[in-house]
Amino acid sequence: MQGDQILKGILLRLFAVACLATMSALIKLAEMRGAGLVETMFHRQLWAVPLVTAWVAAGLGLGSMRTRRWGAHAARTAVGLTGMVFTFGAVLRLTLAEAVTFQFTVPIFATILGAVLLKEPTGRHRWGAVIAGFAGVLIVAQPGSTHIPAFGAMVGLLAALFVAIVAILLRQIGKTEATGTTVFWFSVLSVPVLAIPYAFAFKAHDPVTWAMLVGIGLIGGVGQLALTGSVKHAPVSAVVPMDYSSLIWGTLYGWAIFGMWPSAWTWLGAPVIIASGLYIVWRERRRGIPDPAVTSAEMEPV
């Protein structure tokens, strides 16, 4: 890569967040109808395969999926599946709003990892925006005043940590691999792994539940393409703060589907969180200079 297309990466991240928030709502709904963790994970990966294959075929062509970086894709799959266990587990064990709140700690992990491992320029403006956003999360969550199970909280925090680690891996893989290639091999390699436990957890469902499971895979696949592309075009520390926009989707879905209306503290903290993400966009556009790309000589491949 010659440089980072900051704005493109940010827009892709915002779109990815909308898709993944929709997927989370479907996971919660499917769980209420009897679908378990293994089932939702399997269908998430299974139905993404034809979607990603068609997307690649219509773009760069199926030949672009050839790769020599099997170790990198295997590592991404292992970390990605582990993170998916925690991410889906948080959605199932916590309310949708609580699961989203814990995801807001991703920028803290990602900024540290991006600065330390990728040597990405992370000035006081980005650090300030991340800290301000996290302060907004504290306002919304009100630590100590709401009851969140300790195990559920741990799962939520581990989910956020693994999201940040995956972002770092994608940033490295993205130097040589196309977005479709990365997502394709993640889906293909994970389906056989998930098929083994799914064989023991298979259940019969009604048509609506099956439609939800398929939707989890298709919408999740689209979101994964956008997510992977976002960290290919921009630094991790620049795009991850856009995850704050999931508060908007969490609020809408919580009210429209689950009948949960945010408290006054949410309305107070939400503008702080959203403003931190918008400030990143404004800052990068004002600078108008992309951050220098990290070359392969500066970082060992995964």
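The text below takes the fold, the surface and the ring contacts in turn.

This is a predicted model, in which local features need pLDDT of at least 70 and side-chain atom pairs count only at pLDDT 80 or more, while totals for chains, interfaces and linings use all residues. Residues are numbered from 1 along each chain as its sequence is written, and side-chain values use heavy atoms, with hydrogens and water left out.

The protein chain has 13 helices and zero strands; helices here are DSSP runs of H or I with at least four residues, and strands are E runs of at least two. Chain-level values are tabulated here.

| Quantity | Value for the protein chain |
|---|---|
| Buried residues | 52% of the 302 residues |
| Contacts between residues 24 or more positions apart | 91% of the contacts with a separation of 6 or more |

Buried means under 20% relative accessible area, a contact means heavy atoms within 4.5 Å, and areas come from the Shrake-Rupley method with a 1.4 Å probe.

The structure holds seven aromatic pairs. Rings of Phe, Tyr and Trp (its six-membered ring) pair if their centres lie within 6.5 Å, with planes under 30 degrees apart counted as stacked, over 60 as edge-to-face and the rest as tilted. The centres of Tyr198 and Phe202 are 5.8 Å apart and their planes lie at 80°, so this pair is edge-to-face. Tyr198 has 8% relative accessibility and therefore counts as buried. Ring pairs join Tyr198 and Phe202 with Phe42 and Trp210 in a cluster.

Elsewhere, Arg76 lies over the face of Phe186, 3.7 Å from the ring centre; this requires NZ of Lys or CZ of Arg within 6 Å of the ring centre and within 35 degrees of the ring normal.

Notes:
Buried means under 20% relative accessible area, exposed over 50%, partly exposed in between (1.4 Å probe, protein chains only).
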